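Dear colleague,

Please find the structure below, followed by a short account of what was found in it.

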Amino acid sequence: MSERTYLQAISDALREEMRRDQRVFVLGEDVGVYGGAFKVTLGFQEEFGPWRVMDTPLSETAIVGGATGAALMGLRPVAEMQFADFISCAWDHLVTVAAKQHFRGGTAVPIVVRLPSGGGFSGGPFHSQNPESSFAHIPGLKVVCPSTPPDAKGLLASAIADPNPVLYFEHKHLYRRIKAEVPDERYTIPFGEARVHREGDDVLVVTWGAMVHTAAEAAEELAKEGVEVEVLDLRTLIPWDKERVLEDVRRCSKVLVLHEDTRTGGFGAEIAATIAEEAFEHLDAPVKRIAAPDTPVPFSPPLEKAFIPQVEGVAAGLRELAEY
Amino acid sequence: MSTGTQTEVVMPQMGVSVSEGTITKWLKQVGETIGRDEPLLEISTDKVDTEVPSPAEGVVTQILAQEGETVEVGTVIALIGPEGAQPAQPAPQDAPTPEPTPAEQPRAEQTPAEQPPAEQPPVAQAPPAQAPPEPAHAAAQAAPSAAGNGKTFVSPVVARIASEHGIDPASVPGTGTGGRVTKKDILAFIDSGAATAPAPAAAPEPMPAPAAAPPPPPPAPEPEAAPATAVAPPPAAEPAAPRPPAAETVAPPQPAAPPPPPDAAPPPAPAPAPAVPAERAAEPVAGEMFEPMTAMRRGIAEHMRRSLDTSAHVTSAIEIDMSRVVELRKKLKPEYERTHGVNVTYLSFIARAAVETLKDYPWINGEIRADQIVTRSYVNLGFAVELADGKGLIVPVLRNAETLNLLGIAKGVTDIAQRARDKKLLPDEVQGGTFTITNPGGYGTIHGTPVISQPQAAILGTYAVVKRPWVVQDEMGQDVIAIRPIMNLTLTYDHRLVDGALAGRFLRDLRKRLQTWDESAY
């Protein structure tokens, strides 16, 4: 075990997979010589050479299209979008080709697309989004959203091993802020298994990504008031651990669904609807959602703070549920 | 009984012969606030489809009959509580209620809110608009164990736990918002052992008017599971609700307490299927589909059959040269539209001429009533109106049509036809017709044999105006063929009362008016 940042954990996992599997290679904008915009692949080109750490033109279409072709030919590409926001340029290759190839032709497309996502540092509307729900809606894609260094490592290893296209959303605000003990050896974390980040049985928070930490801080606030909040980190949205969520709903009976993505059509809506459908008789309060408002991410720091759910707001929501 | 300050909403009497109504739509749900006279629900009876206004201002605390359910007139279908009230609990069973005598339910002296007698249709009553919230609370306190939480929402999980343990949620002290019983509250209550001594009061209190209406099912949110066998099956709103463990609670749908009078209809079924009078059809075979008959369709079916069984239907037809009416209409239409906003149709002309003609033929505007022939000094003119969805027919009545000129008739027809389609007719407006006009010609048909609207003696059918080669005489008295707009009219009459010659003369006179009347005559 050693203490690693979230970013280091991602880097470690990638390096490890490249060392153990010749088919794994990375491609993206500035991933080679520069070591990646956030330095996840720093030193990779020196170790693995320019053919396995490929700098590409500024074309997300080419990156995902190329990765899809390489995967069809038997390789295990890990593509990096410099910012998750830019994946919209690769929508067609990802959604029309990669996601459907197995259904159309029976051939697997084992690609991983790394998506530095999320806000919290005044990145503005093009560099702060959390577009996971858009892709969660596309059958054929898997969606991973780790929140801790150990999960980041284990889930990236699983993503690379997975025979399907996997979107790996890594939250930029967690990169260097979140540190934890991470096993040194290789391990994988299966998809679809939620993790209890904090135990409690008064109110349940279902969340993922950076909001896990926001929820945990808010839960500490509530603990001072005698309310024990459980924070359940979904870790993967597709597949998501419905059984675990429902089990915890049955226990806690009051639920907050929290995400940093905007509210309408966010993945939280799916969770809330599922709870209403399948655990209605276990609810002791309406399912509550806290999410970003339906606007682009504002640039101005005070506005961005108002936009992204904050500890105080989440604590207030939890309090409301606790008192209901 | 928790209805001390609640206003009961009953299935209104929508006409003398109407005995039941089907709830087609609740416009307000439990917990929603409603103003007095604000539409609360839509009902469908065999006479009329209409909205039912709320008899009081406040909050809908209980809905006792679901959409699709057919209930007898006078059945309590909802409760309106004062502002601030919450969905009602089942009556606390563990407190002996003062006097469960159904005769003196209102107990108005207990509360400032005036409780009207349940037998009256609520549309006719007016409890004070702004009932203060206190009375509800006070009423809740009348039952000792319900203090403080008798008026809040019961969450699904609390309802389920209550049901599984046979607890009345109202008997649990609540600590949630507004005294709501939380999951923790009810679990603590069970842990404390308080729930192991359930109330002996098995039967719910008799409803205020047991003779008039079967007791409603329990409120939707909380399936009551006290050892009472006298509990209706879980409401349809919660199909997945686990049955209470005790076998006897899966029990007779009919409360034991007030035995229904022998002629009472069966209690409202919890399932949203309207009661069909005949025996139920077997399951559809492959390729067939079933849809439930609406109250209106059943009413039409019954009436059509009964009419043919009653009257000796005979139809006579006549051809009318509508040239003059066409010309007049061409002239009057823009004028009426501009100055009165009314579209004057051929039907208005025919109605006007028919009313005038009926004055000379009182039997055609008459009725056989037992061994008497009824004639009248007035004409209440019914118009068959097809409803917008093509799934029904209603015959609104223009009263005292003999007092109306063409403009008045055109206005009246436009108004009642529109309100028929909007389901805004009042019960009186579909009753008391003395003669009916039906216009199946809208789609080009030129002949038909309508069915008489009972107990009338005749029905006039109007058909498409069609241009035809027509033999007329020129100024020299020579026959020539001209192109004329021709309309067929039929009179279908009850041959018991109206002879063919009489009908023929009526049609002849009607034709004469339509072919000769000028503007001043209308």
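Two bridges join strand β12 (residues 381-383) of chain B to β15(B), and the two strands run antiparallel. Within this pair, L381(B) has L398(B) of β15(B) as its bridge partner. The model is predicted: local features need pLDDT of at least 70, side-chain atom pairs count only at pLDDT 80 or more, and totals for chains, interfaces and linings use all residues. Residues are numbered from 1 along each chain as its sequence is written, while chains are lettered from A and ligands numbered from 1 in the order in which they are written.

Strands (E, at least two residues) and helices (H or I, at least four) are DSSP runs numbered from the N terminus, and two strands pair if DSSP finds at least two bridges between them.

Strand β13 (residues 255-262) of chain A pairs with β14(A) in the parallel sense over four bridges, and V257(A) stands opposite R289(A) in β14(A).

Finally, the contact between the chains takes nine residues from chain A and nine residues from chain B, where residues are in contact if their C-beta atoms, placed from the backbone, lie within 7 Å.

Yours sincerely

Conventions
Contact = placed C-beta atoms within 7 Å.
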